[in-house]
Amino acid sequence: MSTTPIRKRKKATPKTFKAAYDILKTNAAELQQQDEPDIDNLMTTVEESIAAYRVCETRINAVQQALDAAFAEESDNSAS
């Protein structure tokens, strides 16, 4: 009887977009390479991925808002 060790949480929530994106890429690759689902570690992977996704989403939204504001200012200045 072979047992697979349960993976411990990798780290705390990532602080940067790149770190969060790397976690998402790694977790997606691990899931795609599995012949059988690793149920013992699935919740850890899902929770880690959700946290990483939220970091990415927050950063993307912040950049989008900054770009919208910059383009709005540029439009206001060129209309004057």
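How many helices and how many strands does the protein have, and which helix gives the nonpolar patch its largest share?

Analyst: The model is a predicted one, in which local features need pLDDT of at least 70 and side-chain atom pairs count only at pLDDT 80 or more, while totals for chains, interfaces and linings use all residues. Residues are numbered from 1 along each chain as its sequence is written, and side-chain values use heavy atoms, with hydrogens and water left out.

The protein has two helices and zero strands; helices (H or I, at least four residues) and strands (E, at least two) are DSSP runs, numbered from the N terminus. Helix α2, residues 39-79, provides five residues of the nonpolar patch, the largest share.

The patch consists of L31, I39, L42, M43, V46 and I50 and covers about 520 Å². Patches are built from residues with over 30% relative accessible area and no salt bridge, like charges being joined within 9 Å and nonpolar side chains (Val, Leu, Ile, Met, Phe, Trp, Tyr) within 5 Å. Accessible areas come from the Shrake-Rupley method with a 1.4 Å probe, and for residues only the protein chains shown count as cover. Within α2, V46 is partly exposed because its relative accessibility is 32%; buried means under 20% relative accessible area, exposed over 50%, and partly exposed in between (1.4 Å probe, protein chains only).

Leaving aside neighbours within four places in sequence, I23 is in contact (heavy atoms within 4.5 Å) with P14, E48 and A52.

On helix α1, D22 and K18 lie four residues apart, about one turn of the helix. Their side chains meet in a salt bridge at 3.0 Å, N to O, the term denoting a side-chain nitrogen of Lys or Arg within 4 Å of a carboxyl oxygen of Asp or Glu. By this rule the count is one. D22 is partly exposed at 28% relative accessible area, whereas K18 is exposed at 56%.

For the protein as a whole, buried residues make up 16% of the 80 residues. Its accessible surface comes to about 6,600 Å², 56% of which belongs to carbon and sulfur atoms.
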